[in-house]
Amino acid sequence: MVLKTADHPSAFMKSFLSQCGGSAVIDGGLATELERHGANLNDPLWSAKCLISSPHLIRRVHLDYLEAGANIIISSSYQATLQGFEAKGFSKKEGESLLEKSVKIACEARDLYYENATKGSWDISTDGMLTPKNRPVLVAASVGSYGAYLADGSEYSGVYGDNVGLETLKDFHRRRVRVLAESGADLIAFETIPNKLEAQAYAELLEEEGINIPAWFSFSCKDGTHVANGDSIEDCALVSNSCDRVVGVGINCTPPRYIHGLIQSIQTVTNKPILVYPNSGETYDGNKKEWVPSTGIADVDFVSYVGKWRDAGASLIGGCCRTTPNTIRAISKILSKN
Ligand SMILES: C[S+](C)CC[C@H](N)C(=O)O
Ligand SMILES: N[C@@H](CCS)C(=O)O
Ligand SMILES: [Zn+2]
């Protein structure tokens, strides 16, 4: 199924959601699956390292998520930055090619998925889910936060220091956003945004650079009302209202237990579609680059929350770190039952 970007970005998202039957499925943890397939991501580039060492694995993981029911696959550019590539000895041009490659791999996985679907003659799978041929699929180009580039878990603190202001953040992301916007992706996923300042930087960049594909803003949160650095989720979500190109706002890489309250808060300040793709509820240790079980309330039964999130107003739902194709298959099953 081919979706054309409508003249107005919000019409594009509306039409996509309607073709998905009202709710869309976002994919699950990309890096999580790369690691499960044997990749060692203990590197400043984290998952973007695989763009250099194992692009075939990235394609495999995208395909696994499509086969599990995802309507949106997010590219492997989360921690792919021109500055990060430069530190590894790549030229600016080579860095830009690697950014483009992340989207190309996701598009190839989508093509392969549709190709396989066309070979099959089924329309409905044995468990009642709609299968390949008529499922809309978008490729979202990931833009991880400045904190992700720092490679120390700063996307969960949002504390960048006094030296990092609005202009620094805009300059840091500018070229990367432009390259990804022209890479063939359907939208840009600004992910794991840990503070309001970075959302403002993205909103201004979208305008200044005349970015002509839609985008979403997705925040990492520390509780049911605040993003990682303590800014209120309402203030952060409000930033998206200033920008027509932003067609969705929500939360990712945040424990499931906070999501319901966050959806309710976002709804008080915006009419834009709400997206949620939480992590497993574990905590990231940025020094060891390892996930550790959280103390406190368990988030084991992620999937049992999904209906509640949809009823609360989320229309795009998936998973982030430590979620897998099994998580996405279960979400897809729940959302396909109206
Ligand atoms: C979403 S976090 C788990 C990504 C990795 C982090 N930026 C790091 O490099 O340690
Ligand atoms: N899209 C990224 C987000 C990390 S928080 C991933 O799934 O690896
Ligand atoms: Zn995550």
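**View 1. Ligand 2 meets the backbone of Leu30.** An oxygen atom of ligand 2 sits 2.9 Å from a polar backbone atom of Leu30. The model shown here is predicted. Ala31 also takes part: one of its backbone N or O atoms is 3.2 Å from an oxygen atom of ligand 2.

**View 2. A side chain reaches ligand 2.** How much of ligand 2 does the protein bury? Taken alone, ligand 2 exposes 280 Å², and the protein buries 97% of that.

**View 3. The surroundings of ligand 2.** Leu30, Ala31 and Glu191 are among the residues that surround ligand 2. Others in this set include Gly29, Trp46, Tyr78 and Thr192. Cys253, Cys320 and Cys321 belong to the surroundings too.

**View 4. Cysteines hold the zinc ion (ligand 3).** Cys253, Cys320 and Cys321 coordinate the zinc ion through their SG atoms. The distances run from 2.2 to 2.3 Å. The site has 4 donor atoms and is tetrahedral, with angles of 96 to 131 degrees among them. For four tetrahedral donors, the ideal angle is 109.5 degrees.

**View 5. The zinc donors in the chain.** The donor residues of the zinc ion (ligand 3) follow the spacing C-x66-C-C. Cys253 lies in the loop between strand E6 (246-252) and helix H11 (259-267), and Cys320 in the loop between strand E10 (314-317) and helix H13 (325-336), so this pair ties together parts that are 67 residues apart in sequence. Are Cys253 and Cys320 buried or exposed? Both are buried.

Terms used
Residues numbered from 1 in each chain as written. Chains lettered and ligands numbered in written order. Predicted model: local features only at pLDDT ≥ 70, side-chain atom pairs only at ≥ 80, totals over all residues. Heavy atoms only, no water. Donors = N, O, S within 2.8 Å, 3.2 Å for Na, K, Ca; no water. Tetrahedral: all angles 85-135°; square planar, octahedral: opposite > 155°, others 65-115°. Helix = DSSP H or I, 4+ residues; strand = E, 2+ residues; numbered from the N terminus. Buried < 20%, exposed > 50% of the residue type's maximum accessible area, 1.4 Å probe, protein only. Near = heavy atom within 4 Å. Polar contact = N/O pair within 3.5 Å; in protein donor to acceptor, adjacent residues only side chain to side chain. Areas by Shrake-Rupley, 256 points an atom, 1.4 Å probe, with all protein chains shown as cover.
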